[in-house]
Amino acid sequence: MIDFENVSKVYPNGTVALDGLNLHIDDGEFVFIVGASGAGKSTLMKLLLREEKVTSGSLRVDEFELSKLSNYKVPYYRRRLGVVFQDFRLFQNKSVAENVSFAMRAIGEPAKLIRRRVPAILNVVGLQDKAKNFPRELSGGEQQRVAMARALANNPGLIIADEPTGNLDPMLSLEIMNLLIRINKSKNKTVIVITHEKNLVDHFQQRVVTLNDGHIVDDRVGGMFG
Amino acid sequence: MRRYSLTYLIGQSFKGLWRNGVMSVASILVLLSCLIVMGTFGLIIYNLNDNLASLGDLNSITVFIDMEKTDEEIQSIGESISRLSNVKNVEYISKAEAFERQKAIYEEEYPYFFQGVDETIYPASYVITCDDNAHFEELRLELEKMKDQGVSKVRYLADAAETLESIKNGVIYIFTWFMAILFFVSLFVIINTIKLAVSYRKQEISIMRYVGATNWFIMLPFIFEGILIGIISSVSAFFIQMYLYGFIESSFLAEYNIRLVHILPFDNVKYIVLGAFLAIGIFTGIVGSSISLRKNLKA
């Protein structure tokens, strides 16, 4: 459950990125966040990742009140999230399996669990046969699927994807979005996709939240790109 | 409870050291050089202290008696000295004793020097120590006045003591400044090495952050890297120092016959030197990497 209550974010240079935002997302929902450049999408993501703190208002993700969360607790909060980036951010010198296991190792998971879990996650994203390949040997879509596998590695309740199809052609974009939908339905994960790709948003007919100048201007289930 | 893999963290720090090859070697060399300079100063002070102590009570005055004085006259002079104010102790050294002492020191090396001579070539003497060093000079002047009673020469080491003491203080002063400067130089180089390591692993660190790695988990490999630099530098510095010390002790001093200087065996202090090197090296490594991380690892 995610709750933005009257959330504002003003940067030190005076830019108002979000202004009194109210948004509620239930567990297991799939939500597209859309809007033009400068609408506040990236700030919303940064607040959810707790890269930035809200200036005023309250932002709650499950039991974590992010406006009051101490720096010390941020890593433990982030273990509930899986993040997918436009540029994949994979280690080119690590194999597919190593890229995924890295996420588990980084939070101190035991080697035994890592060995058991990594093949299962690669199976979810359809890369079980590419475990030993390196990212440079994969297509853009496959690389993004590795990034998604990494995001799933620690079994997060919430997946945040920032322009996940931004570097992919339309066919691969469709494939990635289908995978996100499948993860949302079969694993009951909350998925938030930040995107500006109209065709995809319109195609999938999910909940669409449209931002403009730091305000929500539209929020509807089965919506279209505003 | 989840336990972070220590082997993974240590492995990462070795990798980091390897990846930043040139900077790592530069850090090790700078820290190593600093430690050797520090060690050299430390050992100089250690030896100076020992040499000063081995000179005995430097505030003593030796009074030599005219060669032709009889035993009775010598004894009478001794009694007169004892009656002077500020005299703490008067030790009589006969001609025979003086001869034996000289033989003990020089006979092995210069045996010909003692051939055909006996104790008669040495004057008897009194070694006087004073109660209050502040009035040392007055006592010396009193003894000088006794030249008409049979005192041939008054020798004192106070000046030598002062000179040596001021040399020692000078060495300590320079040593302190050198230590401070070298410490900061080492720190600066280590900060830059770790900074490079952090920038090399920027993407890795950012992913670690997103998946929820704690700051300690992110920082520990870099701190270990700093510690490794410290350990490698200090152990290498120790062996180089040991070799240099041995070289000076065996070759240099023996060759130039600097008899006045007594060099203590390195074995006496080897554990202290190694311990001090490790302590300084590891401390510098930890402080250097921590400063670099504080500056470059902000969330």
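How many residue pairs are in polar contact across the interface of chain B and chain A? In this predicted model, the rule finds two such pairs, both at pLDDT 80 or more, whereas the number of salt bridges found across the interface of chain B and chain A is zero. The side of chain B that touches chain A draws its largest share, eight residues, from helix H7 of chain B, which spans residues 202–211. When the residues on this side of chain B are sorted by class, eight are nonpolar, four are polar and four are charged.

The extent of the interface can be described both by residues and by area. Chain A contributes 20 residues to the contact and chain B contributes 16 residues. The size of an interface is often given as the accessible area lost when the parts come together. For chain B and chain A the area buried between them is about 1800 Å², and 58% of this area lies on carbon and sulfur atoms.

Chain A was also examined by itself. The secondary structure of chain A consists of seven helices and 10 strands, and 54% of the 226 residues in chain A count as buried.

Terms used
Residues numbered from 1 in each chain as written. Chains lettered and ligands numbered in written order. Predicted model: local features only at pLDDT ≥ 70, side-chain atom pairs only at ≥ 80, totals over all residues. Heavy atoms only, no water. Contact = heavy atoms within 4.5 Å. Buried area = accessible area lost by both parts, 1.4 Å probe. Salt bridge = Lys/Arg side-chain N within 4 Å of Asp/Glu carboxyl O. Polar contact = N/O pair within 3.5 Å; in protein donor to acceptor, adjacent residues only side chain to side chain. Helix = DSSP H or I, 4+ residues; strand = E, 2+ residues; numbered from the N terminus. Nonpolar A, V, L, I, M, F, W, Y, C, P; charged D, E, K, R; others polar. Buried < 20%, exposed > 50% of the residue type's maximum accessible area, 1.4 Å probe, protein only.
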